[in-house]
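This briefing accompanies the sequence and structure shown below.

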Amino acid sequence: MLPPKKSRKVLLKMFRKKNIANLDELFHLLDTHSRMSVFRRLKPLGYLSSFTDAGCYYTLQEIPKFDTLGLWFYQDVGFSRAGTLKSTAIDIVHFSEAGKTPAELLNLLRLKVANSLHNTLSGLIKGKHLKRYRLQGLALYTSIDSDIAEKQIAARRKKIRSRSLFPTIVSIETTIAVLVEALRAGKVLTAASTVAARLSAQGVVITVDQVEQIFSQYSLKAEKKTAEQP
C-alpha cells in the first residue's frame with residue numbers, strides 16, 4: 001500500500017487525467033486489495049460514487065460539471081449531485097414540472113439495465129418516497145408532497161391534451177429521427193413509448209401514436225420486453 005502522501009499525489013494525477021476510475025484501477029494504482037484502504041485514501045480528497053453501473057466508478061468532487069438536473073456523465077458513466085440512484089430519482093421527480101414516466105427517467109439517467117430503474121422505483125414507492133399514478137395508460141411518478149403532486153398531475157394532463165392536438169402528418173426529418181432512434185440497438189426495435197420519450201427529451205415534438213404510425217408505415221414491430229418496462 002502506498003503511503004498517504006504518495007497516494008494523494010498519484011490519485012490526483014490519475015483523476016485529473018482520466019476523470020473517473022473503477023475499484024480495480026484504484027487497487028492497482030495504490031498497490032492494495034483492500035477496499036477500506038482505498039476509501040481511506042479517497043476520503044481526504046473528497047470523492048463521489050457513480051449512480052450508474054452499480055456505483056462501481058469513482059471521481060473527485062472537484063471534477064464533475066453538473067447540469068441543471070444535477071447530473072454529470074463521462075463515457076456514459078453517471079454521477080449525481082444527489083449521490084445514489086435512489087436519491088437522484090427522488091430529486092428529479094420532485095423538482096419536475098409534470099412528474100416523470102419511467103421512459104423519461106430511463107432516458108435522462110442513461111441506465112444500461114432498465115431493471116435497475118424498475119427496482120429503484122418500486123423501492124421508492126414502497127418506502128413512500130415517491131407516488132405513482134396512472135394517466136391514460138402512463139405510469140407517472142410524482143413528488144410525495146400532495147400539493148406538488150397535484151400540480152404535476154395537472155401539468156401532465158395539460159401536456160397530454162396539447163399533444164393530442166398535434167397534426168398526424170409527420171415531417172420526413174422527424175420520421176428519420178424516429179427510425180434512427182428505434183433502430184439504434186441494431187437487433188431489437190426500441191419500444192414506441194421509449195422512442196417518443198427520448199426524442200421529446202431532445203426537443204423533437206412527437207407522440208407515441210405518431211411513432212407507432214411510423215412503425216406501421218415501415219412494417220416495423222417492436223419486440224415486447226415487459227421486464228424492462230418499470
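**Salt bridges and overall architecture**

The side chains of R16 and E62 form a salt bridge, with an N to O distance of 3.7 Å; the term denotes a side-chain nitrogen of Lys or Arg within 4 Å of a carboxyl oxygen of Asp or Glu. This pair links distant parts of the chain, with R16 in helix α1 and E62 in the loop between β3 and β4 (71–74), 46 residues apart. The model is predicted: local features need pLDDT of at least 70, side-chain atom pairs count only at pLDDT 80 or more, and totals for chains, interfaces and linings use all residues. Residues are numbered from 1 along each chain as its sequence is written, and side-chain values use heavy atoms, with hydrogens and water left out.

**Overall features**

- The chain has 10 helices and 7 strands, where helices (H or I, at least four residues) and strands (E, at least two) are DSSP runs numbered from the N terminus.
- The C-alpha trace of the chain spans about 65 × 40 × 30 Å along its principal axes.
- Of the 230 residues of the chain, 42% count as buried; buried means under 20% relative accessible area, exposed over 50%, and partly exposed in between (1.4 Å probe, protein chains only).

**Salt bridges in their surroundings**

- The count of salt bridges comes to 4.
- Both partners of the R16 and E62 pair are exposed: R16 has a relative accessibility of 57%, and E62 has 53%.
- R156 forms a salt bridge with E104, and their closest N and O atoms are 2.9 Å apart.
- R156 lies in helix α7 (residues 146–164) and E104 in helix α5 (residues 102–109), so this pair ties together parts that are 52 residues apart in sequence.
- R156 is buried, at 4% relative accessible area, and E104 is likewise buried, at 13%.
- A salt bridge also joins the side chains of R198 and E181, at 3.6 Å from N to O.
- R198 belongs to helix α9 (residues 192–201) and E181 to helix α8 (residues 172–182); the pair links distant parts of the chain, 17 residues apart.
- E181 is buried, with a relative accessible area of 3%.

- Strands of a sheet pair through backbone hydrogen bonds, either parallel or antiparallel.
- β1 pairs with strand β3 (residues 57–60) in the antiparallel sense over 2 bridges, and N22 stands opposite Y57 in β3.
- β2 pairs with β3 in the antiparallel sense over 3 bridges, and S49 stands opposite Y58 in β3.

**Positive surface patch**

- K6, K9, K13 and K17 gather in a patch of positive charge on the surface.
- Such a patch is made of residues with over 30% relative accessible area and no salt bridge, with like charges joined within 9 Å and nonpolar side chains (Val, Leu, Ile, Met, Phe, Trp, Tyr) within 5 Å.
- Lys and Arg count as positive and Asp and Glu as negative, while His and the chain ends are not counted.
- K17 is placed in helix α1 (residues 4–18) and is exposed, with a relative accessible area of 72%.

Terms used:
Areas by Shrake-Rupley, 256 points an atom, 1.4 Å probe, with all protein chains shown as cover. Charge placed at Lys NZ, Arg CZ, Asp CG, Glu CD. Pairing = 2+ DSSP bridges.
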